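Colleague: Could you walk me through this model, one question at a time?

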Amino acid sequence: MNAFSKISRFYLFHGEDEYTKMKKVKDLINSVIQKGFEDFDYHYFESRGLDMPTLINAASSPPFGSPIRVVLLRNVDKVSPKGQTLLMKFIESIPEYTTLVLTSGKLEPKDKKKKIFKALLAHKKDCIEFAEPTPEKALILLEQTAKDLQIDITREALEYLVETIGCKVGILEQEINKLAIYAGNDTVIGEGDVAQLIGAGTMGTVVDLPVKIARGEIADAIKLLHHLQLTKQGEGTILFRIKDFFLKLNMAKTTNVPSYILAKNFRLLKKTSDALVQIAPRLSFSCLINCLHYIYESEISLKSAGLKKNIILIDLVSRLGVEVNRE
């Protein structure tokens, strides 16, 4: 047991970054479970419908071939009130040969007021938050991944990837692995490679669509929309990107702050904040309000399934284009 004396009796891993969270769980399992004894000394439980005495019995049994038994309970916030009461009592008497790993999504202030989380969070050193990284932190993680994969990729391409995919670490790592295979070892991966693999080729990706619309480049926007639809990009995703960009445009116009402050305060990449600060002064508040109204109308139309989804989006891009080009 001396070698594992630093292993706590329980851990709470919480936050939106599910990929890194589960990677931490896997690292813990690999560090304490003897190879070949995974089926005997590691137990996995989901919270919904869980009979808590079953988990307690598993966690109370000595390990067969490993120094420590690991018991994982995912989504502890979904445990029934009765189960939470039993769990809180058990936490104070977990055997020294067991470590109990509890996971949860992001804990809102109201969650932290619940008895179960008050009890768990009181042990600060055993509670680790896995928040979704900021765009800048996601870039740093990607740069390290690229280094580990021994691929040459420009920072602009990495920024483009984060803008297009978002900050979900697991998805970003999957996409950079695909880029490594696509581009090969002897090629410097650029923005064009990103667009070719996860977008609409030379036309760009879904992240470029609202920028073209807001700049009044409607012919190019319609072409890009057509190519995105051909590549089976989801209509809901396309509409979300348009809506998100115009909401940020409205925010940029309202705050009227420099690009670097916008990036810092609202977790944006510099490239995104630069585009917002450049475009926002050209559009009036009434234009932005009208554009958002058209977007919300299209959102309702998509949900009602009254028209074909591709027609709804073409109509939306056209109406936004007319509005923007009136300025």
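Modeller: Helices here are DSSP runs of H or I, at least four residues long, numbered from the N terminus. This is a predicted model, where local features need pLDDT of at least 70 and side-chain atom pairs count only at 80 or more, while totals for chains, interfaces and linings use all residues. Residues are numbered from 1 along each chain as its sequence is written, and side-chain values use heavy atoms, without hydrogens and water.

Colleague: At what angle do α7 and α9 pack?

Modeller: Helix α7 covers residues 135-149 and helix α9 residues 169-183. Axes are lines fitted to C-alpha atoms over the stretch in contact, and angles run from 0 to 180 degrees between N-to-C directions. The axes are 10 Å apart, and the angle is about 35°.

Colleague: Is Asp 41 buried or exposed?

Modeller: Asp 41 is found in helix α2. Buried means under 20% relative accessible area, exposed over 50%, partly exposed in between (1.4 Å probe, protein chains only). Because its relative accessibility is 0%, Asp 41 counts as buried.

Colleague: Which backbone nitrogen does the side chain of Asp 41 reach?

Modeller: Asp 41 touches several residues beyond four places away in sequence, including Ile 33, Pro 63 and Arg 69; touching means heavy atoms within 4.5 Å. At 2.7 Å, its side chain reaches the backbone nitrogen of Phe 64.

Terms used:
Helices (H or I, at least four residues) and strands (E, at least two) are DSSP runs, numbered from the N terminus. A polar contact is a pair of N or O atoms within 3.5 Å; within protein, one must be able to donate a hydrogen and the other to accept it, and residues adjacent in sequence count only if both atoms are side-chain atoms.
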